[in-house]
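Subject: Structure handover

Hi,

Here is the structure for you to look through. Please open it beside this email and follow along.

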Amino acid sequence: MRVRFAPSPTGFQHIGGYRTALFDWLLARHARGTFLLRIEDTDIARTVPGAVEAIIEGFQWLGLDWDEGPLIGGPFGPYFQTQRRDIYRAMSNQLITGGHAYQCFCTADRLKQVRDEQQARGEPPRYDRLCRRINSEERARRVADGEPYVVRFAVPTEGATLVDDALRGAIRFENANLDDAVLLKSNAYPTYHLANVVDDHLMRITHVIRAEEWIPSAPLHVLTYAALDWAPPVFVHVPDVLGPDGRKLSKRHGAVPLLEYRDRGYLPEAVLNYMALLGWSFDDKADVLSRDQLIASFSLERVGTAGARYDPGRLLWFNGVYIRQLSPADLADRTLPFLERPQDQGGLPDSVSRPLDRAYAERVVGLERERMKTLADAAEMTEFFFTEALEYDPALLIAKGMDRERTLDGLRRADKLLRASRRWVAGNIEPKLRELVAELGLKPVQLFTSLRVAVTGRTVSPPLFDTMEVLGRQRSLNRLARALVLLAEK
RNA sequence: GCCCCCAUCGUCUAGCGGCCCAGGACAUCACCCUUUCAAGGUGGAGAUCGCGGGUUCGAAUCCCGCUGGGGGUACCA
């Protein structure tokens, strides 16, 4: 089995594009076949510099490796269509010779005019085949004269073409409804229709997996394979990924470049897992599936036919799941860059000196692991572990059902007790403070809230005693002392 | 307009004629756990399986029509 993903470098790829690529990859890996990448860069006007690099970076980030293609080459290269122009030209000539294609000299202006007239008459806009009727002498003369032309496919005018789709069965198209599509542009670059068919055949592709938007042009491709006397591959038109509005995900309807998920602190394994479930399912119970499980269980039979809406909330949930599965060391490795980036890019305050202490950061991040939804959350959540001064409203020190005097008393007693404590670990601090709570006749929350605010400057934090342990004796006691001052002044 | 695809809780989906007055997950609500927030646990609400006809002893599952949504209709892919 040989499968390919063939992106066009005309912009960034979003979740939808990579989801289709993922299906390609999973199918190939499941079957221990070959997965290759081919760059369809034939639209030179729309080609965006850097787009190829970005696409490749996305594959690398997701961990989708390819066996042939950019960077590594392969036995059926080149894998950039702009480097295969001689091949397309030869095939185009072969089609012309065989009577399956013809030169068309119509100008863009005339084409537009024809279309406008057809539309005015309520007819489907299609090429009127004027040049298909030109006799061979005139055609040869005009070509020899250097008149610009495109090459069009001469679609049969009668009968029907069947597209056999692996997911949907046979789809029937009346040939009378088909258009004489352009195969070779006047600049001698091929269109998708020619290049795709030629390359898929030459590269021995067995399964063409592409988005359902290609169904309407599939009969043309089937016809082209036949005209070249080639056996067509298995066609698999997978459902689209839809935006929140129910329309096909697109750049201008909120779609985001895949790599932006990386920059927003998403884990590639989470994105991968989420994408796999967009149009494919395993069974009625499992959703958290590792890369290996995905490969082992993927099959075309379980790919659906209906478009799947992109749900950011579900992706976020997956991300949390995968973050919680990380070891503290691994999580720290991945989170450090997010913490260390500049403050205006979402990192810790610039007053915190970089690089961070690796061991300390690992302990901090370990405490926040089950609260983090993205790696980017870490900076805001852990800030108080890294800064010196805490800014907070002293009123927060007074817990519900408490007053200033009792809070002051509780914190003073805690302070005294903590200063006397020898081993600064949660397991030692906690029982002492709990004894104090009982002695004062308070509820745990009444004292601990005050301590939490004193030590972290906020009402929400990881478990208090672990937090104090990581923060360390000195820093914790300093902050407690400062809280006592603030409260006394209040 | 014409051609094509699709249709189960808000969302992703299970279901391929009887096990389904429809199961799971996300989101949501409540409760439990609990030093806060999470995480976790339990439970609830949420889909007359888009609608109408058939076929069948029996249909979410098969067929037809309708409606709705989407895609295509470029010398873009």
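Below are notes on its salt bridges and its nonpolar cores.

This is a predicted model, in which local features need pLDDT of at least 70, side-chain atom pairs count only at pLDDT 80 or more, and totals for chains, interfaces and linings use all residues. Residues are numbered from 1 along each chain as its sequence is written, chains are lettered from A and ligands numbered from 1 in the order in which they are written, and side-chain values use heavy atoms, with hydrogens and water left out.

**Salt bridges**

A salt bridge is a side-chain nitrogen of Lys or Arg within 4 Å of a carboxyl oxygen of Asp or Glu. The count here is 37.

Start with glutamate 138 and arginine 142. Their closest N and O atoms are 3.0 Å apart. Both residues sit in helix H5 (residues 136–144), four residues apart, or about one turn of the helix. Helices are DSSP runs of H or I with at least four residues, numbered from the N terminus. How accessible are the two partners? Glutamate 138 is partly exposed at 27%, while arginine 142 is buried at 17%. These values are relative accessible area: buried is under 20%, exposed is over 50%, and partly exposed is in between (1.4 Å probe, protein chains only).

Next, arginine 413 pairs with glutamate 439, N to O at 2.3 Å. Arginine 413 is in helix H15 (residues 404–420) and glutamate 439 is in helix H16 (residues 426–440), so this bridge ties together parts 26 residues apart in sequence. Arginine 413 is partly exposed at 32%. Glutamate 439 is exposed at 57%.

Helix H15 also holds arginine 419 and aspartate 415, four residues apart. Their salt bridge spans 3.1 Å, N to O. Arginine 419 is partly exposed at 40%; aspartate 415 is buried at 12%.

Some salt bridges share partners. One network of this kind joins Arg4, Arg38, Glu40, Arg84, Asp199 and Asp200.

**Nonpolar cores**

A nonpolar core is a set of buried Ala, Val, Leu, Ile, Met, Phe, Trp, Tyr and Cys residues joined through side-chain atoms within 4.5 Å. Which residues have the most contacts inside the largest core? They are Phe59, Val271 and Phe386, in a core of 110 residues. Helix H1 (residues 15–30) gives the largest share, nine residues.

Look at valine 271. Its contacts (heavy atoms within 4.5 Å) include Ile15, Trp61 and Leu315, leaving aside neighbours within four places in sequence.

A second, separate core has 34 residues, among them Tyr79 and Val151.

Best wishes

Conventions. Helix = DSSP H or I, 4+ residues; strand = E, 2+ residues; numbered from the N terminus.
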